[in-house]
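Let's take a walk through this one, a stop at a time. Have the sequence and the 3D view open side by side as you read.

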Amino acid sequence: MSAGAVAGAIAGATAGAAAAAAGARVKAEATTAKREAVLRVYRGDASGGQEVEYQVPVETGMVVLDAIHWIQAHQAPDLAVRWNCKAAKCGSCSAEVNGKPALMCKSRMERFAPGEPIVVRPMKTFPIIRDLVTDVSWNFEVNQRIPPFQPRAGAEWKWQQHDVDRAQEFRKCIECFLCQDVCHVLRSHELKHQFAGPRFLVRIAGLEMHPIDGVDRTPFLKDSAGIGFCNITKCCTEVCPEDIHITDNAIIPLKERVVDRFYDPVQMVWRAITGK
Amino acid sequence: MEPFDTHEHEVLVIGAGGAGLRAAIEASAMGCSVGLVTKSLLGKAHTVMAEGGIAAALAHLDPQDGWQTHFQDTMKGGSFLNHWRMAQLHAQESPDRVRELEQWGALFDRTPDGRILQRAFGGHTWKRLAHVGDRTGLEMIRTLQDRGVHQGLDVYMEFTVTKLFTDGGRIAGALAYRRDTGRFVLFRCKAIVIATGGVGKAYQVTSNSWEYTGDGQTLAFEAGAELIDMEFLQFHPTGMVWPPGVMGLLVTEGVRGEGGILRNSKGERFMWKYLPEARRHEYAADEAEARAWLDAAVEGQQTEARRPPELSTRDNVSRAIYTEVREGRGTPHGGAFLDISYMPAERIKKKLPSMYHQFKELADVDITATPMEVGPTTHYMMGGVRVEPDTGAATVPGLFAAGEASAGMHGANRLGGNSLSDLVVFGRRAGAGAAYYAKGLTATPRIPDAEIEAEMRGLLSPFERASGESPYEVHRALQECMGTNVGIFRIEKDLETALATLATLKQRAARVRVEGGRTYNPGWHLARDLRNMLVVSEAITRSALLRKESRGAHSRLDYTGLDPALGKVNMCAKRSGDGMQVGPTPLPEMPAELKALFDAAPQPAGKAT
């Protein structure tokens with residue numbers, strides 16, 4: 001074996017390592033019959049657009065994002081798509097696949113019936129820039145308005161794992177904004193100016209449940225974040241690629257805080273008496 | 001002239017991963033107006049993918065640990081080609097940087113007594129990596145991101161910088177385009193911090209995203225800065241090898257830190273065979289000792305047992321897996337088995353949740369029940385912009401660099417976990433260095449209109465060609481060239497072939513044609529990124545040719561041993577006219593008091609003394 005082949009084996013890394021263990025690998029591939037998938041990808045911008053059909057060869061383990069990249073490299077070099085890690089860790093490649101908000105890097109091609117067209121469209125809740133890319137900058141504006149972490153004075157920087165398990169669940173969020181996309185308060189009622197959306201209720205929950213955070217965000221939740229708009233349909237929880245229990249673990253406890261503070265008559269009386 | 005917008009800042013930070021964010025926070029805290037430019041959305045940078053943890057000698061689990069041991073591990077891991085001062089600053093300051101992250105809101109996993117938990121990693125004598133399951137990078141970037149935006153940074157998302165301008169040799173500004181509209185933007189500034197990360201997209205099998213195209217190294221090189229150690233490209237030993245769509249995707253070293261065992265197709269635990277003799281005494285002698293170490297680690301207890309052989313350094317483990325495969329003992333898809341399934345399923349899901357999901361969803365493999373198949377993947381560039389350790393200053397006045405885009409900290413091979421700590425230690429220092437420099441300049445440097453116009457014209461030229469190749473074609477050819485000729489094992493003939501191919505690819509890249517308009521056009525973006533990948537590929541290849549020895553991540557089949565003379569030099573690439581000149585420059589010598597650390601008798605690793 002020449003050094004080139006040797007070096008290639010690895011650098012093409014495992015592609016080539018395969019060259020060495022080639023026998024087994026080739027057999028594995030030979031048993032997988034090549035098939036083609038039909039993708040209907042939305043092409044357009046703010047002024048309008050339509051779905052365009054592409055035929056894409058399917059490889060084992062391929063995901064929709066691979067298909068989009070194949071189209072870019074072979075048929076439509078200017079097809080706009082946002083992506084980074086391709087491992088469901090960065091939350092960049094959000095789109096609507098067959099009508100369902102999803103990360104394209106996690107949408108396996110094998111899950112679609114052979115011959116069934118796969119329709120890929122941009123997230124509907126945000127203004128389109130081009131093709132599959134939307135303007136999600138509103139989310140960053142909301143984030144900036146949330147009162148940041150502020151430790152309680154004199155707090156001891158020691159806590160148990162079980163004290164942070166819940167907050168760590170919220171901090172798993174990769175900001176794909178699929179929950180924002182599916183939320184009917186934002187998607188259908190377009191109340192972006194009044195409602196922060198599930199993503200940022202999760203973020204606030206992460207701050208509020210930090211063991212030594214000392215900020216009171218309850219008035220913010222009620223007035224600025226508009227938590228009352230959420231009527232717990234749990235659509236956000238269903239689409240979350242990180243399996244965060246958005247509604248049950250984040251939003252409902254925060255709603256309870258708001259209710260306790262502003263709407264509970266017993267507590268109102270108690271506070272009037274005790275002056276607390 | 002083509003229209004453009006103008007922004008003015010004292011300090012411009014290019015790149016918004018851990019290093020860029022930390023630099024921007026520091027410069028802003030020192031009173032500078034700071035612009036932070038990122039090719040992606042904020043919070044999507046490569047830092048978000050870092051999994052295993054951040055290395056710092058906090059000594060929470062192993063009280064024997066301290067900065068001296070961390071320093072020694074880092075120098076040994078880097079085959080003593082590291083800049084000693086960077087390794088020293090890093091070891092001394094990383095504990096403070098970790099505590100700072102906690103004070104800014106990061107929630108690390110805890111020890112039973114309520115402190116930050118630390119895990120074992122390759123090449124680290126003691127359990128040293130503060131972590132959050134296997135999503136440490138996400139925790140870190142979110143913490144820095146929120147700290148930054150509440151501090152009043154101006155963040156420019158989805159902007160790509162294509163050129164740095166100088167005035168009388170000093171940094172004067174940069175030109176960028178907005179990816180969403182294609183419109184040009186001129187940044188006038190006094191200082192620039194390069195924090196753009198790595199180069200992995202020059203290779204096909206890589207753990208890196210589309211962003212890693214060597215932008216910062218190239219911008220600095222073209223502005224006249226020196227690049228060193230470019231031959232040292234880390235191949236992470238454990239990337240996914242199957243299915244093809246996910247080939248190269250990272251499998252965290254945390255799997256081995258949590259007890260993952262590497263086996264070949266014959267079921268042999270092969271890593272013992274590959275331990276370097278000089279360091280064999282640091283590792284468990286047999287299965288029983290490795291198991292005793294693991295049991296103690298799980299219980300958070302001290303032990304006399306030494307760590308398992310899978311926790312050798314990355315360069316070594318990569319070569320081991322590669323060799324096993326080449327000699328016919330590979331797995332069905334051409335890798336090695338990595339097995340953690342003998343551990344309790346609940347513990348795996350708790351400590352390695354994203355690995356569990358990654359394999360389950362992308363490969364239909366349940367890692368709590370069956371072994372993973374893994375193989376080497378292009379991961380991390382040790383080389384980059386030569387910087388002054390204390391300030392991050394490059395060799396061009398006003399230019400600074402930090403993180404993966406800079407060089408010196410890791411030498412010939414980086415230890416896992418030393419990257420996240422590198423980002424915050426040297427991000428902070430480069431931010432401070434840039435702010436201090438900017439405050440010392442009275443007038444904002446000038447940028448001639450003609451230079452701005454020439455750059456914009458160059459950027460638009462691929463639209464104007466009536467015919468030409470697609471940039472995707474040239475990119476594929478580049479990846480094939482680098483993968484085949486400049487991989488883990490290198491030899492003179494292949495490196496020469498690569499150089500000749502790169503020369504023709506450079507010509508092809510200059511003639512590509514781009515279809516469509518300027519609004520979010522990835523073909524156009526790639527056309528420019530290609531130029532950067534070609535520059536760094538040439539630097540890698542030329543440096544690799546000159547280093548006629550095998551050291552760290554650089555392995556030559558025609559020069560398999562260490563050459564003591566080459567252990568005293570860095571290969572340095574510098575612009576010369578329109579070309580590249582590469583040659584050795586002396587490695588700074590370690591002061592006697594640090595050298596003395598290595599003269600002491602080798603410490604029996606793992607022994608509680």
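In which loop of chain A does Glu175(A) lie? Glu175(A) sits in the loop between helix H6 (161-170) and helix H7 (178-182) of chain A. Helices here are DSSP runs of H or I with at least four residues, strands are runs of E with at least two, and both are numbered from the N terminus.

Before going on, a word on what you are looking at. This is a predicted model, where local features need pLDDT of at least 70 and side-chain atom pairs count only at pLDDT 80 or more, while totals for chains, interfaces and linings use all residues. Residues are numbered from 1 along each chain as its sequence is written, and chains are lettered from A and ligands numbered from 1 in the order in which they are written.

Back to Glu175(A). Its phi is near 55°, a positive value in a residue other than glycine. Glu175(A) is also buried, because 27 other C-beta atoms lie within 10 Å. The cut-offs go like this: 20 or more other C-beta atoms within 10 Å of a residue's own make it buried, 12 or fewer make it exposed, and anything in between is partly exposed, with C-beta atoms placed from the backbone.

Now zoom out to the rest of chain A. It has 13 helices and seven strands, and 47% of its 276 residues are buried. Among contacts in chain A with a separation of 6 or more, 62% join residues 24 or more positions apart; a contact means that two C-beta atoms, placed from the backbone, lie within 7 Å.

Chain A splits into domain 1 (35-134) and domain 2 (137-266), with bounds that come from an automatic or database domain assignment. Where do the two meet, in terms of how many residues? Domain 1 of chain A puts in eleven residues and domain 2 of chain A puts in twelve. On the domain 1 side, that is five nonpolar, three polar and three charged residues. For these classes, Ala, Val, Leu, Ile, Met, Phe, Trp, Tyr, Cys and Pro are nonpolar, Asp, Glu, Lys and Arg are charged, and the others, Gly among them, are polar.

Next, look at how the chains touch. Chain A brings 63 residues to the contact and chain B brings 80. Helix H1 (3-11) is one of the elements of chain A that give two or more residues to this side, and H1(A) supplies the largest share, eight residues. By class, the chain A side has 35 nonpolar, 15 polar and 13 charged residues.

Over in chain B, find Arg314(B), in helix H9 (residues 314-329). An unreviewed UniProt entry places the feature "active site" there; such annotations may be inferred rather than shown by experiment, feature names are shortened, and positions follow the numbering used here. Is Arg314(B) buried or exposed? Arg314(B) counts as buried, because it has 26 C-beta neighbours inside 10 Å. Leaving out residues up to four places away in sequence, Arg314(B) touches Gly122(B), Gln234(B), His236(B), Pro237(B), Asn413(B) and Gly416(B).

A cis peptide bond, with omega about -5°, joins Trp242(B) and Pro243(B), and Pro243(B) is in the loop between strand E13 (233-240) and helix H6 (254-257) of chain B. Ala59(B), a residue other than glycine, has a positive phi near 60°.
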